[in-house]
Amino acid sequence: MLFKGTVRKVGDHIDTDAIIPARFLVTGDPKILGEKCMSGLDPEWVKQVQQGDILVAGRNFGCGSSREHAPIAILGAGIPVVVGHSFARIFYRNAFNTGLLLFEIGDEINEIADGDTLEINTETGVLTDVTTGKTFTCPPIPASMAEIVSKGGLVNYVKARLGK
């Protein structure tokens, strides 16, 4: 898969309550959650987001509680992929289980600026900052996890497998 979008950058240690505050957890609807994405950080943040934008995050993104609503809110905001320095482990697993792609690139995250255009080839693990021309590499997504994401998450993946 190939993704290309505008970078929406956030800092280090963004927890799940900043991604989607607890007061909005009265639904599992991605569209409604997406409208409140990052409102714990900035209530106006999501208004800048366009369908297909790419979230770029600092260290330990998704720390805090294990709520699955956080990656659902990101997807609901129209963001299909997050590139980060590093991710909290439970967020990492929840993201793939809900169909959100994640890529870790460590300290190179500092070379990507808010508003840049980023292109990601999920099969090769090559990320290109189209704005600056810099490229970054990370391990490509394992085929098994890519298949889960391509089905829209673990539930849909299992349904497809059971339907065969």
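**Surface patch.** I began on the outside, where Leu154, Val158 and Leu162 make a nonpolar surface patch with about 270 Å² of accessible area together. For a patch I took residues with over 30% relative accessible area and no salt bridge, joining like charges within 9 Å and nonpolar side chains (Val, Leu, Ile, Met, Phe, Trp, Tyr) within 5 Å. Areas are from the Shrake-Rupley method with a 1.4 Å probe, and for residues only the protein chains shown count as cover. Leu162 sits in helix H6 (residues 154–163); helices (H or I, at least four residues) and strands (E, at least two) are DSSP runs numbered from the N terminus. Leu162 counts as exposed because its relative accessibility is 70%; the cut-offs are under 20% for buried, over 50% for exposed, and partly exposed in between (1.4 Å probe, protein chains only).

**Ground rules.** I noted that this is a predicted model, in which local features need pLDDT of at least 70 and side-chain atom pairs count only at pLDDT 80 or more, while totals for chains, interfaces and linings use all residues. Residues are numbered from 1 along each chain as its sequence is written, and side-chain values use heavy atoms, leaving out hydrogens and water.

Next I checked Asp116, in the loop between strand S4 (101–104) and strand S5 (117–121). What is the nearest side chain of opposite charge to Asp116? I found Lys9, 7.7 Å away, and Asp116 is buried with no salt bridge (a Lys or Arg side-chain nitrogen within 4 Å of a carboxyl oxygen of Asp or Glu). For charge, Lys and Arg count as positive, Asp and Glu as negative, and His and the chain ends are not counted.

**Rings.** My search of the whole structure gave 5 aromatic pairs. Phe61 and Phe87 form an edge-to-face pair, 6.2 Å centre to centre with 85 degrees between the planes. Rings of Phe, Tyr and Trp (its six-membered ring) pair with centres within 6.5 Å; planes under 30 degrees apart are stacked, over 60 edge-to-face, the rest tilted. Both Phe61 and Phe87 are buried. Tyr92 and Phe96 are tilted, because their centres are 5.1 Å apart and their planes at 55 degrees. Tyr92 is partly exposed at 22% relative accessibility, whereas Phe96 is buried at 1%.
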